[in-house]
Structure formats: structure tokens, C-alpha cells
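Here is a short briefing on a predicted model. Please keep the sequence and the structure in view as you read.

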Amino acid sequence: MEIIEKIKTNKLVEKQTDIQKICLDKLQSSPLPNPKSELWRLSNKIKFSNFLDYSVNEKNLKFDIPYPNNSQKTIRLIIGQNCQIQLIEENYSIQQISEDELDKYIKEQISCFNETENWSDLLNLSLSCKKNILGLRINGSKIPPIEIFSHASSNSLNAKTLVIFLEKNCDIELLQVNLGKDNSSLSQSTFFFLEEHSSLNHGVVSYGKNGSNLLNSLNVIQQKNSEYSLGSLHFKFNYARFEINIKQSEGNAKTNIKGMQITKKDEQISTYTKINFDGPNGFLDQINKSLADDKSHAIFEGSIIVPKIAQKTDASQLSRNLLLSDLAQIDTKPQLEIIADDVKCKHGATISQLNEEELFYMRTRGITLAEASKLQLSSYFQEIISFIPVSKERWDLLDKILNEN
Amino acid sequence: MGISFVRVYKSNCNKLFLDNMVNENLVKDVVKEPYKYGFVTDIETEKIAKGLNEDVIRLISKKKEEPNYLLDFRLKAFKKWQKMDEPDWAGLGYKQIDYQDIIYYSAPKQKEKISSLDEVDPKLLETFDKLGIPLTEQKKLTNVAVDAVFDSVSIATTFREELAEHGVIFCSISEAVKNHSDLIEKYLGTVVPASDNYFAALNSAVFSDGSFVYIPKGVTCPMDLSSYFRINSGDSGQFERTLIIAEESSSVSYLEGCTAPMFDTNTLHAAVVELIALDDASIKYSTVQNWYAGDEEGVGGIFNFVTKRGKCLGKRSKISWSQVETGSAITWKYPSCLLLGEESVGEFYSVALTNNLQKADTGTKMIHIGPKTKSTIVSKGISAGNSINSYRGLVKMGTKAKGSRNYSQCDSMLIGDQASANTFPYIKSQQPNSEIEHEASTCRISEDQLFYLQSRGIEFEEAISMMVSGFCRDVFNQLPMEFAAEADKLLALKLEGSVG
């Protein structure tokens with residue numbers, strides 16, 4: 001709880017920026033998330049306190065990225081290591097947002113924060129120094145896929161922030177990779193603002209190492225006629241939280257989410273999503289898959305909020321869970337809060353183990369139990385993995401998950 | 001059943017066009033039928049002073065000539081209650097209840113002991129007649145044994161002798177305390193412990209009466225049992241307690257109905273129901289709850305904070321809850337099943353309808369503890385007016401619940417654009433060899449279906465009624481015959497005026 005002590009005494013960061021000051025002030029009144037709130041009730045307190053035990057590390061770290069070399073076709077950015085970004089091509093441009101503009105936008109966001117719901121963002125912004133905040137404005141079309149890396153370093157707590165404005169009619173594929181190191185904590189907050197008619201195909205791959213922790217918060221605001229797709233995968237974290245907060249500010253927007261979390265050993269990984277429809281004709285299709293093995297714990301909570309203004313919303317949410325061990329646990333809670341009457345909303349949840357009939361069929365064909373289980377798992381994973389952009393051809397995520405111990 | 005909800009409406013809805021279907025202004029034009037059970041019976045009652053303290057509890061216990069163990073049970077519960085905080089997690093937002101401003105014991109004055117129904121105050125019998133509850137034993141056609149609870153006290157139980165021939169005990173809980181003390185001592189508070197929650201603790205401290213049912217080994221109860229709860233005074237709370245024990249291989253179907261007069265104050269109803277099913281026993285518990293819901297502005301109405309729980313102790317035992325919730329200003333109720341016995345079965349079928357400013361937070365808890373246990377949840381919520389209707393349910397598979405299954409289905413229907421429908425299912429599994437399925441949907445009345453019915457000459461409101469009834473059919477099918485008809489009527493009545 002080293003961080004909390006520092007927050008209380010406000011000694012956390014030297015040369016504080018305005019944003020850091022505002023967030024630290026807010027955090028002082030609620031230095032720890034309220035354990036009674038639904039969003040934190042199931043969080044493992046020991047693991048969470050472990051997250052906060054490390055010191056903040058702001059040093060420039062060289063990091064070997066365990067993924068394939070950068071190909072010329074993609075743009076690769078590493079938060080904390082890019083000083084100046086300005087890419088102006090014939091049909092597109094990617095530019096860094098000016099400090100003032102970034103400041104203004106983040107402050108606006110903070111003013112709407114709720115201390116329980118945005119606790120992770122408050123922590124992130126109070127720790128993230130200027131260098132670790134990357135703000136980009138993107139416009140144009142035929143933009144090459146973008147990869148953005150955030151990484152932690154061993155025995156420290158790192159905070160990285162990403163802000164992206166997608167201008168009108170812009171269309172991009174973006175893969176965000178969060179990498180944990182041995183005994184590390186990473187706080188990642190991401191803010192997307194999608195203008196009208198823009199489209200973002202977003203992938204999030206969070207891949208930890210022994211004893212690594214992650215607080216990953218994703219905030220998306222969608223203007224009308226924008227389309228946002230998210231494919232996410234979280235695995236190998238001692239403790240990880242993925243908070244997704246999507247707001248269709250004027251309705252008439254499309255959101256597709258396919259997420260997956262895999263827990264083994266005594267890990268705890270949770271996904272919390274909140275989708276707000278603040279206008280009519282919104283669309284959501286969400287599926288979240290969990291797999292819990294050994295003594296691990298997987299949690300999913302998703303809420304869909306449809307106020308009176310959001311007529312003709314069409315939203316569906318599905319939580320599918322595989323429980324593979326006697327000592328593992330799964331909690332799932334898909335929820336609907338609806339006031340508009342002319343809507344189609346549904347959700348579903350299942351928890352089961354591998355299909356015995358299918359296993360039996362494969363075994364009668366001479367496939368061993370282990371191989372048959374693997375085959376079944378790969379089909380379970382494939383639906384999500386094939387949805388994650390950029391990674392498809394170059395990174396063999398499926399192989400990584402299946403052969404990971 | 002189809003005929004039962006063909007009602008005559010005074011509206012001119014058949015002239016409406018589809019586009020105006022949920023038009024606010026038209027809603028107001030539709031004539032509303034008032035709450036028809038809202039009368040007060042002018043009857044001499046015995047009440048104690050307002051307020052709650054140890055002396056009041058001792059007084060209640062003394063009035064009921066209770067043995068010491070029961071007084072201890074009450075006092076312990078009271079001590080626990082004092083240390084507890086009123087729960088607020090459901091966010092129901094009601095005004096604070098002043099627990100010292102409630103009368104905890106109110107009973108119609110009557111002779112010491114009633115040997116036959118003739119000795120019951122005729123006004124009381126008249127009240128139950130008005131409510132459509134046959135207390136007089138001549139009305140044997142209905143073949144339902146009734147225990148009528150008026151304010152805090154049970155006033156009459158019918159068909160006793162016939163039941164006694166089969167060894168079935170059906171009486172008020174105060175009588176059971178006197179005559180079957182061993183059973184009460186053994187089972188009371190074993191399913192819902194006094195410290196279970198705030199309102200259960202309060203009930204355990206001050207409960208005044210309720211029903212007691214004991215079905216001996218191997219007996220199938222020859223008739224449906226029914227209890228009828230009536231709150232009459234405006235300032236007394238109702239705290240009844242029901243205990244049903246089904247011994248090995250026995251079965252019983254129990255019906256519960258509730259009404260209250262109209263007062264502009266809120267009345268507290270905090271009941272506890274405990275069911276215990278042993279090997280191969282089955283209990284079916286049906287409720288039609290129609291407490292006064294308050295007026296259109298939300299003034300008055302009953303606060304219905306009820307703890308209902310069944311324990312499937314024995315192998316292959318079964319507990320089935322079915323409920324139609326239409327009344328109360330606030331309903332807070334989660335009839336639950338603890339599935340301990342191997343292959344035991346829990347069921348929950350619910351229709352909850354809210355209108356005007358009513359709030360209902362209802363659902364169930366299915367706790368799978370034993371192996372091969374099964375549970376089914378079917379919940380239908382209909383919200384109209386400015387009401388809030390939430391389903392909140394928990395399905396939990398414990399580590400030993402190998403081979404267990406759960407299926408849940410929660411459907412909500414919204415009528416009008418001011419009402420809200422929420423679904424909060426909590427699902428937890430610790431057993432890989434078990435399956436949980438949950439699905440939920442929200443819809444409105446389908447315009448196509450409505451158009452089809454209207455084009456066949458069916459009047460607008462009747463068509464709505466038919467569709468609502470169809471929406472609830474899965475649950476109505478589970479209700480005993482008399483209740484199904486009543487429930488259908490009740491829904492039509494409650495919805496009147498909410499669809500324009």
C-alpha cells in the first residue's frame with residue numbers, strides 16, 4: 001500500500017502537473033476504491049494491494065518487445081519513447097495533440113469522473129507524467145495499421161495514458177499491446193473520441209508475466225454514425241482489471257465487442273463493461289468469454305444502460321464461460337437497465353465445461369483427450385482471436401495461449 | 001382461462017390508431033378502476049402502544065402465552081436487529097421508516113378461544129367474504145382450506161378436521177406454539193436465521209402470527225392450503241411468519257393472498273416464510289400479492305419487505321415458488337431455495353407488474369450445495385407508468401454441486417416510455433461439472449401482433465390484455481387453477497389505463 005500512503009501525504013510525484021494535482025486531490029478523498037461497490041466487491045484485496053505495493057517508475061526504459069519485428073506496413077509507437085510524432089502523407093495524417101489541447105480534454109474528462117467508476121483512471125492520471133501521455137489526432141483514410149505498446153518494468157509501477165481523436169470519416173485499425181514484466185504493475189488508461197462517420201477497429205492484447213498486474217481502463221465516446229469494434233485478450237496476469245466504458249453520445253452508432261480473459265494458477269482477471277446509449281438507434285453486439293483453470297478466478301460484469309432518449313436501441317450481450325477446475329471460480333453478471341420502451345435488448349450467460357459429447361466423438365476417432373481438449377479450446381478462442389485486428393497474420397496468439405503454462 | 005380476462009372497458013380505445021398507441025394524453029383519458037380491496041373494516045381491535053423495545057417484545061410474548069425458548073429467540077433477534085443497519089443496496093429510495101411509530105401488535109377483539117366459525121365476529125367474516133375468501137365451511141366446493149390472518153392475528157382456519165384425519169396440521173403459528181411446541185422449537189429459524197437480514201431480524205423479534213403446516217410422512221395433502229393476509233389498521237405493521245414442514249415423501253400446495261385498505265401512510269409488512277422439504281417431499285408455494293400500492297402520486301401503499309426461503313434438505317425433494325406480484329408501493333422479495341439434498345429441485349416462477357410509482361426489486365436465489373441439484377427460474381416483469389421493475393437473482397454452484405444444472409429466463413416488457421426495467425443476475429460457479437444458463441430479453445408490446453388482433457375485431461385493451469397474458473403464460477401455467485384465473489384478472493385490472 002505504498003502508493004496509498006504517498007497519495008495521502010501527497011508526496012507521490014515531484015513537479016506535479018495540473019492534471020496530477022486534480023487527480024491526487026480527488027484520490028485523497030477516496031484513496032482506495034470502495035470495496036462495497038459492485039465494481040470492486042469481487043476484487044481480490046490481497047492481489048489488489050499487491051498492485052499498489054510498487055514504486056512509481058518514470059525512467060526511460062529500454063524494453064525488448066517479444067513480438068515480431070516491425071514490418072514496414074505498420075506504424076509502431078511505444079508510449080513513453082516517442083518524442084515527436086508528425087506523419088503527414090497524401091491521404092492521411094497522424095499528429096501529436098498539442099499540450100494545451102490535451103490538457104483541456106483530459107480535464108474535461110476528469111470533471112465527469114465518478115470516484116467509484118473511474119478510480120482506475122484517477123490513479124492513472126495522477127501517476128502518469130507528461131512523457132507517458134500520448135495524444136494523437138488522426139484523419140484521412142487508407143492509413144496503415146497502427147500498433148501501440150505500453151509496458152511495465154520489473155519491480156515498479158508504471159502508468160501510461162493514450163488519447164486518440166479520430167476525425168470525421170477516418171478509418172483505422174489499431175492494436176494496443178500491454179506488456180507486463182516480472183513483479184510489475186501497469187496502469188493503462190485509454191481515451192478515444194470518435195467523430196461522426198469515423199471507424200475504429202481496435203484490438204487490445206494484454207500479456208503478462210509472472211506476478212504482473214494490470215489496471216486497464218478504456219473510455220470511448222462515439223459520435224453519431226461512428227463504428228467501434230473491439231477485440232480484446234487478457235492473459236497471464238496475477239491480477240488484471242479491464243474496465244470498458246463506452247458512450248454513444250448521440251446514438252446512431254455501432255459498437256461491437258468481443259473480449260476474452262484466460263486465468264490459470266491463482267490469477268484473477270476481471271472485465272467490467274458499461275455501455276451508455278445517450279441517443280436513439282444505437283447498436284451493440286457484445287460477447288465476453290472467460291476460461292478459468294487451476295485455482296483462478298474470472299469475473300465479468302457488463303451493464304447496458306438505455307435511458308428514455310435511446311429509443312430503437314438494439315443491444316445484445318453474451319457472457320460465455322468455461323470452468324475447467326474444481327478450485328476455480330467464475331462470477332458473471334450481465335445487467336440491463338432500461339427505460340426506453342421501443343428497444344430490443346437481450347443478454348445471456350452460460351457457465352459450463354468442455355462438451356463431453358464432442359470430446360467423446362473425437363476420442364472415438366483416435367484423438368487423445370489432451371488433443372481433443374485443445375481442439376475444442378482453440379475453436380472457443382478462435383472466435384475472439386480472429387476479431388483482433390493487425391495481429392492476425394503476424395502473431396500466433398492462439399498458439400501462445402494454448403501452449404502457455 | 002382465455003375467457004376470464006375478457007373485460008368491459010369504458011375507453012374508446014378501439015378508435016385509436018396504432019401510432020397513438022402509447023400516447024401520454026390518451027392514457028389519462030382511460031378510466032381507471034380503483035383498488036377494490038381498499039375498504040377498512042370497522043372492528044374493535046386490541047392494540048398495544050406504538051414503539052419497539054424489549055418490554056414490547058415481552059408483552060407480545062406474554063399475550064401469546066409463549067414458552068421461554070420463544071421469548072429468548074425474540075430477544076436475541078431484537079438485540080441483533082439493534083446492531084444492524086437498514087440495507088440500501090437495492091437503491092429503492094423510500095423515505096426513512098420510523099420503527100418507533102409502528103404498532104407491533106394489533107388483533108381483532110374476540111373471545112378467548114373459538115371452537116367454531118360461528119363464534120368469529122360476523123364483521124370479520126363479512127370482510128373475508130368481500131375479499132372473495134370463503135371462510136365458511138359450507139363452501140366446500142372450493143376445496144381449499146384457509147387460514148385467515150387479520151392484522152397480526154390468525155382469526156380462523158377452515159377444514160381442520162378433515163385435514164386432521166390425514167394427520168396434516170394446519171393452524172396458526174400461535175396455536176402451533178402451544179400444541180406442537182417440539183416442531184416449532186426444532187425448525188423455527190433454521191432456514192431464515194434471526195440474524196439473516198435486517199427485516200428478518202425485526203420479524204423474528206416481533207412476529208405476531210402466521211401459518212404453520214406440517215405434512216406427515218407419506219401424506220399427500222388432500223386439498224390446497226391457503227392463508228389470507230389482511231392488513232386493516234393503518235398504523236400497525238404486519239409481521240407474520242409462516243413455517244411449512246414436509247416430511248419424507250409428502251407433498252403440499254400452499255397458496256397465499258394479501259390485501260390491505262387504502263391509507264395515505266405507508267404500512268410496513270415484513271414477513272418471513274420458511275419451508276423445509278425432507279426426502280422425496282415436495283412443496284409448492286404460490287402467492288398472489290395485491291397489497292395496496294399507493295395512489296397515482298405514490299402516496300401511501302405497503303412496504304413489502306419479505307424474506308422467503310426454502311430448504312431442500314432431503315434427497316429428491318422439491319420446492320417450487322410461484323408468485324404474482326402486483327401490489328405494494330415497494331416490493332423487496334427474493335424467494336430462495338437452498339438445494340442441499342442430492343437431486344433436489346428448486347423452481348421459481350414469477351410475474352411482477354408495476355404501475356404508477358411502484359418499485360419492485362424481486363427475484364430469487366438458487367444456492368446449489370448438493371450434487372445433481374436442478375433449478376429453473378422464469379421471471380416476467382411488466383413495467384408501466386413511472387414504475388421501476390427489477391429482477392435481481394443469484395445462482396450459485398458450490399464446490400460439491402457436481403452435475404447440477406440451472407436454467408434462468410428473465411423477460412421484461414415495457415409499457416410507456418417512463419417505466420424502467422432492470423435485470424441484475426448474479427451468477428457464480430465453483431463447480432466445473434455443472435451448467436448454468438441464463439437469458440434475458442426486454443421488449444415492448446409488438447405492434448404487429450396488436451394490429452393482427454385488432455384486425456380480427458378484438459378491442460384494443462383486450463388485445464393488450466391477451467398479449468400480456470400470453471407473455472406471462474409460462475408462469476400462469478404453474479399457478480393453481482383458482483389463482484391463475486385471479487392472476488389474469490388482476491393483471492388486466494392493474495394495467496387498465498396504462499396503455500392508451
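Residues are numbered from 1 along each chain as its sequence is written, while chains are lettered from A and ligands numbered from 1 in the order in which they are written.

**Confidence**
- The model scores ipTM 0.83 and pTM 0.84.
- Chain B averages a pLDDT of 80 (the predictor's confidence in each residue, from 0 to 100). In chain B, 76% of the residues score at least 70.
- Residues 111–115 of chain B have a pLDDT below 50, with three contacts beyond near neighbours in sequence. Contact means that the C-beta atoms of two residues, placed from the backbone, lie within 7 Å.
- Residues 137–142 of chain B also fall below 50, with five such contacts.
- Where pLDDT is low, predicted coordinates should not be read in detail.

**Chain A**
- Chain A has nine helices and 19 strands. These are DSSP runs numbered from the N terminus: helices are H or I with at least four residues, strands E with at least two.
- Its C-alpha atoms fill a box of roughly 65 × 50 × 45 Å along the principal axes.
- Of the 405 residues of chain A, 47% count as buried (20 or more other C-beta atoms within 10 Å of a residue's own, all placed from the backbone).
- Among contacts in chain A with a separation of 6 or more, 84% link residues 24 or more positions apart.

**Domains of chain B**
- Chain B is divided into domain 1 (1–31 + 446–500) and domain 2 (40–333). The bounds come from an automatic or database domain assignment.
- Ten residues of domain 1 of chain B are in contact with nine of domain 2 of chain B.
- Helix H12 (residues 481–495) of chain B gives the most to the domain 1 side, with six residues.

**Contact between the chains**
- 29 residues of chain B are in contact with 30 residues of chain A.
- On the chain B side, strands S23 (420–429) and S24 (435–444) are the elements that give two or more residues.
- Strand S18 (residues 329–338) of chain A and S23(B) run antiparallel, joined by six bridges. Strands pair if DSSP finds at least two bridges between them.
- A:Thr332 stands opposite B:Ile427 in S23(B).

How values were computed:
Predicted model: local features only at pLDDT ≥ 70, side-chain atom pairs only at ≥ 80, totals over all residues. Buried ≥ 20, exposed ≤ 12 C-beta atoms within 10 Å, placed from the backbone.
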